[in-house]
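Trainee: I have a model open and would like to learn how to read it. Can we go feature by feature?

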Amino acid sequence: MNNLKKKKNIKLLQGNEACAEGALLAGVKFFAGYPITPSSEIAENMARKLPKIGGKFIQMEDEIASMAAIIGASIAGLKSLTATSGPGMCLKQENFGFAVINEIPCVVVNAQRGGPSTGSPTKPSQGDMMQARWGTHGDHPVIALAPSTVNEILTLTIKAFNFSEKYRTPVILLLDEVIAHMREKVEIPAPEDVEVINRKKPTVPPEEYLPFKPDEDGVPPMANFGEGYRYHVTGLVHSEKGLPISDSQQIDHFIKRINNKIEKNIKDILIYEEYLLDDAKIALIAYGSVARAAERTVKLAREEGLKVGLLKLLTIWPFCSEEVNKLAQQVDLIIVPEMNLGQMVLEVERASQGKCRVVPYGRVDGELINPIEILGKIQEEIKK
Amino acid sequence: MKTVINDYIREEMFPNIWCPGCGNGIVLGAILRAIDDLNWDKDKIVAVSGIGCSSRITGYVDFCTMNTTHGRALPFATGIKMANTDLKVIVVMGDGDCSAIGGNHFIHAARRNIDLTAIIINNMIYGMTGGQYSPLTPTAKFGSTAPYGNIDQTFDLAELAIAAGASYVARGTVYNVRQSSSLIKKALDKKGFSVVEIISDCPVSYGKMNKMKSPVDMLKWIKDIAVSKKVWEGLSLDEKKGKYAVGEFLNKDRPDYTELYEEIIKKAQGMGGNK
């Protein structure tokens with residue numbers, strides 16, 4: 001019996017359901033949200049499943065309150081999640097910044113739809129890529145992950161929780177309407193096979209605890225409220241003790257420290273896949289549902305004898321500047337297909353430092369980008 | 001001179017940022033005396049505030065404290081209480097913080113009747129930003145953004161809380177400080193959403209713009225406008241104008257949100273399966 005292989009748990013899941021499954025595997029115990037298309041199924045799944053494991057769900061009065069509630073629940077000890085779409089993401093920015101400055105772990109899902117404003121609620125978009133980076137005001141670090149399949153939604157939701165706990169920072173999971181709503185085959189791992197990271201706890205007695213004093217890795221250990229460590233948390237720039245400061249040197253040190261915390265761990269945070277890039281002369285760089293089309297384009301182009309490869313980004317923030325720079329030295333042309341008027345392409349241009357030609361390919365009509373049109377773009381560009 | 005208050009403050013944070021004559025310190029003292037009377041474990045107390053002068057209170061008390069964003073203290077506190085129901089969660093807000101930008105959160109916290117205590121320090125003005133009128137600035141009074149007099153109607157926060165579904169609602173003043181402390185104590189000890197509004201003074205903004213130059217003038221004014229609930233009930237509508245009823249308005253037992261959620265957990269677990 002011992003050599004019998006473990007039976008795989010394979011299910012046909014919707015993207016939003018897979019997000020809920022991933023969150024549960026990562027140890028989520030609290031969800032606060034507000035209804036919005038196309039993310040509502042995440043809330044509905046959480047409402048059904050959290051109480052079964054002794055967790056808690058609450059539907060708040062608005063998106064602002066949902067973001068506040070998950071931060072409160074996280075500092076009181078529960079891994080917390082909220083989910084929304086563009087209009088709600090706008091409202092969450094205020095308290096997202098509070099989570100950043102106070103280094104409170106939590107995961108925020110944005111199932112992107114067409115914008116701006118109410119936009120096209122049931123159509124996919126990648127228009128929030130720059131909002132994910134710069135949505136809340138001030139200089140701040142961000143981790144944002146962008147799955148392209150339902151299976152990746154599950155695995156990256158787990159990653160999102162792990163990064164948020166490991167680096168004490170809110171993490172954005174950027175879906176789009178298509179992968180949030182489509183159904184695909186998903187392999188659900190056994191809980192014992194899932195790596196789950198929990199926040200570092202203080203090892204010093206309460207009287208010596210400094211809630212914002214980082215360890216070597218740049219991340220301070222975190223005591224939950226109610227565990228005997230009494231300390232202050234404020235949206236004001238604060239000292240290692242958590243108390244407000246106004247000294248310019250201290251402010252400078254603090255802002256740089258919370259930003260460097262992500263930068264110095266970038267190798268661990270960056271997730272990307274290379275597809276047929278070894279001999280490529282043309283590279284596609286894509287993320288989210290567009291990466292699926294781009295992968296197909298690579299196959300079609302290869303059939304025509306074109307040396308095309310794909311760099312598929314799963315971590316979109318921080319941006320993999322070094323990897324893109326290396327790629328720019330290898331290829332003659334990078335095409336960046338995305339469902340917006342050119343957002344990630346700006347980062348690609350910056351990172352490639354003029355070492356190759358960088359061309360955007362955007363679409364904002366609410367339709368998916370298909371493999372044939374990317375191939376068409378390649379053919380058009382190589383004639384130039 | 002050491003008093004019972006010294007056991008609950010972060011002395012390193014003093015002197016505080018409040019102006020001479022500000023009522024915030026009086027409310028802080030009233031809260032701490034109430035907590036001391038209840039003999040609560042400091043490790044299990046969480047104080048949450050929003051933005052404004054009064055919200056700085058959380059920085060001065062030796063509990064787990066959270067100075068959050070403007071108007072949002074209640075939803076942060078809701079998350080904390082849901083996550084750990086053993087914690088005693090106190091929320092301190094100013095009048096602008098609670099009734100303007102945080103007005104919707106206030107209504108819904110009361111509607112859920114979640115076990116939190118909200119203490120609203122009502123100085124009838126935005127003090128920190130320099131005296132702009134708030135939803136609780138009385139009609140016809142002056143603010144830096146109401147240089148010709150305020151034409152807005154004011155809220156009655158106590159009536160709002162009662163209508164929205166709170167369990168305990170009271171109003172005190174910084175003049176009647178012993179009464180305020182005992183109202184706060186009852187609110188803290190009450191299961192469900194409890195609200196105490198404390199009418200306070202801001203001599204440098206509200207006072208200066210409304211012909212009350214000194215803190216003493218302001219306290220005398222508060223003494224005049226505050227009438228006991230019993231006296232209030234005997235007043236005509238005209239006589240009520242410009243006055244505030246003080247005392248306990250509501251004290252009833254209703255199921256608190258966290259208890260109701262425990263029932264949900266039992267129900268969900270009783271149904272079995274993972275679907």
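Trainee: Where is B:P135 found?

Mentor: B:P135 sits in the loop between β4 (117-122) and α6 (157-164) of chain B. Helices (H or I, at least four residues) and strands (E, at least two) are DSSP runs, numbered from the N terminus. This is a predicted model: local features need pLDDT of at least 70, side-chain atom pairs count only at pLDDT 80 or more, and totals for chains, interfaces and linings use all residues. Residues are numbered from 1 along each chain as its sequence is written, while chains are lettered from A and ligands numbered from 1 in the order in which they are written.

Trainee: Is B:P135 buried, exposed or partly exposed?

Mentor: Count C-beta atoms, placed from the backbone: a residue is buried if 20 or more others lie within 10 Å of its own, exposed if 12 or fewer, and partly exposed in between. B:P135 is partly exposed, because 17 other C-beta atoms lie within 10 Å.

Trainee: Which residues is B:P135 in contact with, leaving aside its neighbours within four places in sequence?

Mentor: Contact means that the C-beta atoms of two residues, placed from the backbone, lie within 7 Å. On that count B:P135 touches B:S99, B:A100, B:D152, B:T154 and B:F155. Look also at B:G103: it is 32 residues from B:P135 along the chain, and their C-alpha atoms are separated by 9.8 Å.

Trainee: On to strands. How do I read the faces of β7(A)?

Mentor: In a regular strand the side chains alternate between the two faces of the sheet. In β7 (170-176) of chain A, A:P170, A:I172, A:L174 and A:D176 are on one side. A:V171, A:L173 and A:L175 are on the other. Both faces are covered, and seven of the seven residues of β7(A) are buried.

Trainee: What pairs with β7(A), and over how many bridges?

Mentor: Two strands pair if DSSP finds at least two bridges between them. β5(A) pairs with β7(A) in the parallel sense over seven bridges. There, A:C106 stands opposite A:P170. β6(A) also runs parallel to β7(A), joined by three bridges. A:A144 has A:I172 as its bridge partner.

Trainee: Now helices. How do I describe the packing of α1(A) and α6(A)?

Mentor: Two packed helices are described by the angle between their axes and the distance between the axes. Axes are lines fitted to C-alpha atoms, for helices over the stretch in contact, and angles run from 0 to 180 degrees between N-to-C directions. Here α1 (residues 15-26) and α6 (residues 150-167) of chain A have axes that come within 8 Å and cross at roughly 35°. The crossing is right-handed (the near helix is turned clockwise from the far one by less than a right angle). Among the residues that meet are A:A18 and A:L25 in α1(A), and A:I158 and A:F161 in α6(A). The contact has ten nonpolar, five polar and one charged residues (Ala, Val, Leu, Ile, Met, Phe, Trp, Tyr, Cys and Pro count as nonpolar, Asp, Glu, Lys and Arg as charged, and the others, Gly among them, as polar).

Trainee: What is phi of A:L276 and of A:Q353?

Mentor: Phi of A:L276 is near 50°, a positive value in a residue other than glycine. A:L276 counts as partly exposed, because it has 16 C-beta neighbours inside 10 Å. A:Q353 is not a glycine either, and has a positive phi of about 45°. A:Q353 is exposed, with 12 other C-beta atoms within 10 Å.
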